[in-house]
Amino acid sequence: MNSFFSKVMLFLVAAVLVISSIGLSPASAQTPFKDVSSSDVEIDYLYNRGLIKGISHDQFGPDYSVTREQAATLIGRALGLNGTERKTRFSDVSSSSYSSGYIQSAVDKGIITGYPDGTFKPKQTMTRGEMAYLLSRAFNLSSTSAVFFSDIKHDTHQDSLYTAVNKIATAGISNGTGGGNYSPEKKLIRKEFAIFLARALDPRFKVAFQNATIDKLYSTTDNLNVRSGPSTGYSIMGQIDTNDEVQVYGYSGGWAYGKSGHLTGYFSLSYLSKAATKPTRVMVIDAGHGGSDPGAVANGLREKDVNLDVSLRVERMLKEKGITVLMVRRTDVFYSLDYRAAYGIKNGGDAFVSIHANAASPGVSGSETFYSASVANDSKQLATFIQNRLYKAMEHTNRGVKEYDYRVIAANPLPAALVELGFLTNDADAAKLATWTYKERAAWAIAEGIEDYYDWKQR
């Protein structure tokens with residue numbers, strides 16, 4: 001019988017121990033406060049340690065503001081400071097005040113400094129910014145990291161608000177008020193202060209800080225360096241290219257801290273823009289010859305007329321594709337080769353195509369496109385894209401892409417190609433170039449080749 005009761009008693013003791021151990025985990029069931037939810041485990045933790053009290057026997061008052069003397073008292077209790085009421089260095093803190101001992105102890109520890117006029121303003125509501133100063137000093141927080149809030153100016157001065165907030169965020173005490181804000185001027189309430197204090201005292205309550213995206217910027221250049229810190233003296237972590245998006249978490253002088261793809265670091269603001277830059281597509285179309293220079297004349301056709309007709313069709317088709325077109329000539333007028341070569345660069349063009357028709361012995365036919373190797377640019381690619389379309393559209397011999405220093409392309413700083421549509425001296429070629437259908441097909445091929453070139457440039 002005694003053995004039976006002994007087993008029962010051992011079971012009950014074990015059950016009590018299990019229940020007690022469960023009760024020791026953060027749970028608000030142990031508090032008498034009716035205005036505190038079960039999720040407010042930090043309040044329960046502080047209450048059971050005897051660090052906080054309610055505004056009444058069953059009310060905690062979570063939304064009540066926290067005065068400066070209340071905050072000093074709570075910090076003093078948490079740190080085990082001497083709370084004996086006594087005279088303080090502040091003219092507006094009475095020696096008989098319940099907070100006087102904690103306030104003076106905090107002053108002695110360098111946690112509290114007060115105001116320049118020698119007051120402490122004990123009854124004034126504490127702000128979230130002041131709380132950051134208080135906690136960072138009280139718990140000797142020194143570690144900082146790449147923490148940014150959109151409503152706090154970045155400042156690395158040791159006593160700055162930014163540094164104090166950075167320290168408590170790095171320590172896992174605060175992660176802001178949402179949307180990338182910290183709200184430093186917002187009045188501190190009792191629930192907030194309890195949460196912050198519990199996080200400072202016990203690692204179980206800490207939060208992992210994550211910067212929020214406060215802006216989106218775009219790179220305006222290729223090979224933009226991503227650095228480990230806000231200056232060119234820091235190491236390069238990687239690079240991004242034109243129009244790559246940067247999710248900005250904060251700013252430090254002339255640098256943005258954020259993430260682009262898998263890279264997180266600092267980006268120079270000199271190469272970032274609010275909007276993605278549209279790819280430049282300003283094509284210069286040069287209708288060869290004109291005015292007093294007819295070009296080749298054969299089979300009832302004048303080259304200058306064919307060139308202009310096809311060029312105007314190309315202009316129309318390129319505009320339909322959203323490509324800006326600069327026309328060297330739109331009428332029967334003569335311009336020198338040097339004028340044509342310089343026209344595009346003077347007027348903001350980014351590529352150049354000169355349209356011509358050929359002449360040779362009657363048996364020679366087909367299309368060909370030229371580029372000049374004297375200028376190091378993408379001329380060969382431009383010529384190739386056009387030629388690959390042109391000979392198929394014209395249904396005649398592919399004479400290929402060739403290198404030759406025609407003045408209009410050799411003296412041109414832009415990527416430039418010279419197109420020979422066909423031979424006016426060949427009966428079959430001339431017959432095609434005399435029709436609306438084949439002039440339209442030639443223009444279509446040139447326009448498509450130009451678009452192919454721009455698409456290639458974007459990749």
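Residues are numbered from 1 along each chain as its sequence is written, and side-chain values use heavy atoms, with hydrogens and water left out. Because the model is predicted, local features need pLDDT of at least 70 and side-chain atom pairs count only at pLDDT 80 or more, while totals for chains, interfaces and linings use all residues.

Let's begin with the whole protein. It has 13 helices and 15 strands; these are DSSP runs numbered from the N terminus, with helices being H or I of at least four residues and strands being E of at least two. The radius of gyration is 39 Å, well over the 23 Å that the globule rule gives for 459 residues, so the protein is more spread out than a compact globule. That radius is taken over C-alpha atoms, and the rule is 2.2 Å times the number of residues to the power 0.38. Along the principal axes, the C-alpha atoms fill a box of roughly 125 × 75 × 35 Å. Buried residues account for 48% of the 459 residues, where buried means under 20% relative accessible area, exposed over 50% and partly exposed in between, using a 1.4 Å probe and protein chains only.

Now to the sheet. Six strands form an open sheet in the order β11-β8-β12-β15-β13-β14, with mixed pairing; two strands pair if DSSP finds at least two bridges between them. The edge strands are β11 and β14 (398–403), each pairing on one side only.

Which strand is largely enclosed by the rest of the structure? That is β8 (residues 282–287), because six of its six residues are buried. In a regular strand, side chains alternate between the two faces of the sheet. Both faces of β8 are covered, with Val 282, Val 284 and Asp 286 buried on one side and Met 283, Ile 285 and Ala 287 buried on the other. Strand β8 runs parallel to β11 (residues 324–327), joined by four bridges, and Ile 285 stands opposite Met 327 there. Strand β8 also runs parallel to β12 (residues 351–358), this time through five bridges, and Val 284 stands opposite Phe 352. Elsewhere in the sheet, β13 (residues 367–371) and β14 pair in the parallel sense over four bridges, with Asn 398 of β14 as the bridge partner of Ser 367.

On to the rings. How many aromatic pairs does the structure hold? There are 18. Rings of Phe, Tyr and Trp (its six-membered ring) pair if their centres lie within 6.5 Å; planes under 30 degrees apart count as stacked, over 60 as edge-to-face and the rest as tilted. Among them is the tilted pair of Tyr 45 and Phe 205, 5.0 Å centre to centre with 55° between the planes. This pair links distant parts of the chain, 160 residues apart: Tyr 45 is in helix α2 (residues 41–48), and Phe 205 is in the loop between α7 (190–201) and β1 (215–219). Tyr 45 is buried at 11% relative accessible area, and Phe 205 is buried at 6%.

Finally, ring pairs also link Phe 148, Tyr 162, Tyr 249, Tyr 257 and Tyr 266 into a cluster.
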